[in-house]
Amino acid sequence: MKLYNSLSREKEELIPLKENEIGMYVCGPTVYGPGHIGHARTYIAFDVIRRYLEYRNFKVNFVVNITDIHDDMIKTANKQGITIFELADKNIELFFKDLDLLKINRATNYPRVTQVIPEIIEMVKSLQEKGFAYETDDGVYFKINAFKDYGKLSRLKIDESKGKTRVDTDKYDKDNPMDFALWKKAKENEPSWESPWGKGRPGWHIECSVMSKKLLGEQFDIHGGAKDLEFPHHENEIAQSEACSGKKPFVKYWMHTGFLNVNGEKMSKSLGNFITLPELLQKVNPVTFRFFISLIHYSSPVDYSEKNILQAEKTLQRINELIGKLIDLNKSSEVKETPEADEVIEKERTEFIEAMDDDFNAPKAWASVFEFNKKMNALIDEKKIGKHNSENAVNLFKEINSFMDVFSFEEKEELDSNLMNLIKEREKARNEKNWSLSDKIRDELKLKGIELIDSKDGTKWRKIN
Ligand code: AMP
Ligand code: ZN
């Protein structure tokens with residue numbers, strides 16, 4: 001199995017540090033508001049990756065942190081007149097509800113920053129003792145010039161001279177303007193914790209170094225986040241963790257997801273195109289959204305638009321229709337089994353896995369499913385699918401679903417014969433262009449909890465509440 005490593009900028013063979021086990025960490029949300037569709041892009045992508053690794057028999061220890069202390073947390077909690085803890089609890093609950101709807105499996109662990117403050121203080125102290133950090137009037141800073149590998153992830157060229165001259169305009173009197181805060185001394189009315197540097201709170205980057213160390217160890221396999229985090233966040237995580245442990249590499253494979261944009265523009269509150277998860281899930285079926293995201297390579301940008309969602313919906317419907325036909329055939333087919341059908345199924349399994357094994361190339365894997373769809377429909381029309389052939393094909397879809405989680409395997413419900421007769425009567429009225437009778441029966445069925453959906457392939461029904 002190969003994956004693209006943002007650190008080496010090459011596709012590499014996946015060889016975990018411990019055989020068959022993978023430690024995986026993804027930077028989590030800052031919970032000052034409900035989640036947004038950009039979060040969903042990243043967490044669906046990593047959910048598919050994590051579950052595909054499990055499908056390939058790796059045991060995955062998957063950690064996603066929750067950032068519950070941050071400038072935006074403090075501002076929003078003050079505005080709402082609640083504590084940062086209440087704000088976090090409220091939004092975490094909402095976030096988990098939305099993850100469930102999007103069929104994102106729970107991570108092994110969701111550590112919260114405010115629960116690891118003693119460990120954070122320990123790491124900052126240790127960095128100071130080792131000469132990688134220094135105290136100023138307003139906090140403790142990481143000294144990037146002390147860490148010679150600084151910039152290796154983002155291939156940043158550090159201007160050495162900068163580190164030697166103090167920048168007069170820098171009000172905090174940092175050694176280098178690029179040095180970043182590990183600990184921030186408390187300002188008035190801010191949540192704070194006691195520390196060797198007085199009351200204060202952690203800087204942004206230190207949390208991920210501490211939480212990944214606590215739950216995955218000083219060195220682990222995969223670290224992810226969206227591309228926006230590559231610099232400075234992930235660069236700074238590397239500096240903190242490697243400086244502290246003296247071991248390299250902190251992370252073996254770095255993976256970055258492409259950003260989600262809305263109608264071709266960056267999503268932002270000021271542009272008025274910001275879509276929260278509760279807003280999205282009011283209009284779009286969560287499984288359709290998951291499928292839409294799964295169609296795109298994890299590292300590519302995503303363009304969210306209603307047109308693209310509709311397109312995805314139709315595509316998924318075509319696959320589900322095939323699955324429905326296969327389930328029916330499994331019950332009713334009297335056709336003899338054909339080796340031809342089994343060959344098509346086996347070939348699809350191989351192609352799908354080959355594509356996913358190659359840096360989780362989902363677009364290529366899905367393209368093979370669309371081809372498979374055509375071939376299977378042709379075989380059904382040619383009456384070449386027997387009971388076991390269809391079962392075999394359904395099982396393949398179930399395997400794929402163990403990580404994609406988008407298909408529907410519901411068996412068609414039976415309706416009682418009176419309702420079936422009414423549906424047939426209406427079909428007759430419609431064929432005879434007797435619109436008033438046809439509408440009358442349609443309304444009657446609706447009152448009885450059955451909705452009719454007319455399409456060019458005939459009329460379908462579904463139960464409504
Ligand atoms: P945040 O809540 O901004 O700290 O982000 C949490 C996670 O979501 C990080 O891994 C981000 O990189 C990712 N993320 C934030 N916005 C987007 C977006 N528009 N598209 C994709 N991923 C995003
Ligand atoms: Zn992080």
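Trainee: How many cavities of 30 Å³ or more does the structure hold?
Mentor: This is a predicted model, and local features need pLDDT of at least 70. Counting cavities of 30 Å³ or more, the structure holds 4.

Trainee: Which helix gives the largest share of the lining of the largest cavity?
Mentor: The space in the largest cavity is about 100 Å³. Its lining includes Arg41, Ala45, Val48 and Ile49, and also Ile293 and Ser294. Two helices, α1 and α9 (286-294), each supply at least two residues of that lining. The largest share, 4 residues, comes from α1.

Trainee: How many residues of the lining of the largest cavity are nonpolar?
Mentor: Among the lining residues are Met356, Phe360 and Ala362. In the lining, 2 residues are polar and 1 is charged. The number of nonpolar residues is 9.

Trainee: Why is α4 described as roughly perpendicular to α6?
Mentor: Two packed helices are described by the angle between their axes and the distance between the axes. For helix α4 (residues 117-129) and α6, the axes are 9 Å apart and the angle is about 105°. Angles of 65 to 115 degrees count as roughly perpendicular. Therefore α4 is roughly perpendicular to α6, and the value behind this is an angle of about 105°.

Trainee: How many residues of the contact of α4 with α6 are charged?
Mentor: On the α4 side, the residues are Glu119, Ile120, Met123, Val124 and Leu127. They meet residues in α6 including Glu207, Lys213 and Lys214. The contact has 6 nonpolar residues and 1 polar residue. The number of charged residues is 4.

Trainee: Which element gives the largest share of the lining of the second largest pocket?
Mentor: About 850 Å³ of space lies in the second largest pocket. Of its 34 lining residues, Thr30, His36, His39, Asp228 and Phe259 lie nearest its centre. The elements that give two or more residues to this lining are α1, α6 and β9. The largest share, 5 residues, comes from α1.

Trainee: How many residues of the lining of the second largest pocket are polar?
Mentor: In this lining, 13 residues are nonpolar and 6 are charged. The number of polar residues is 15.

Trainee: Where is proline 249 found?
Mentor: Most residues other than glycine have a negative phi, and most peptide bonds are trans. The peptide bond from lysine 248 to proline 249 is cis, with omega near -5°. The bond from phenylalanine 231 to proline 232 is also cis, with omega near 0°, and proline 232 has its place in helix α7 (residues 230-245). Proline 249 is found in the loop between α7 and β10.

Trainee: What is the phi of asparagine 57 near?
Mentor: Asparagine 57 has its place in the loop between α1 and β4. Its phi is positive, in a residue other than glycine. The value is near 75°.

Trainee: Which residue in β13 is the bridge partner of valine 262?
Mentor: An open sheet of 3 strands has the order β12-β11-β13, with mixed pairing. Strand β11 (residues 260-262) and β13 run parallel and are joined by 3 bridges. Helix α9 lies across β11 and β13, at about 145° to β13. In β13, the bridge partner of valine 262 is tyrosine 304.

Key:
Residues are numbered from 1 along each chain as its sequence is written. Chains are lettered from A and ligands numbered from 1 in the order in which they are written. This is a predicted model: local features need pLDDT of at least 70, side-chain atom pairs count only at pLDDT 80 or more; totals for chains, interfaces and linings use all residues. Side-chain values use heavy atoms; hydrogens and water are left out. On a 1 Å grid over the protein atoms alone, a cavity is a set of points where a 1.4 Å probe fits but cannot get out, and a pocket is an open set with protein on both sides within 12 Å along at least five of seven lines; lining residues have an atom within 4 Å of a point. Grid points are joined across faces, edges and corners, and a volume is the space filled by probe spheres set on the points. Ala, Val, Leu, Ile, Met, Phe, Trp, Tyr, Cys and Pro count as nonpolar, Asp, Glu, Lys and Arg as charged, and the others, Gly among them, as polar. Axes are lines fitted to C-alpha atoms, for helices over the stretch in contact, and angles run from 0 to 180 degrees between N-to-C directions. Angles under 35 degrees count as roughly parallel, over 145 as roughly antiparallel, 65 to 115 as roughly perpendicular and the rest as oblique. Contact means heavy atoms within 4.5 Å. Two strands pair if DSSP finds at least two bridges between them.
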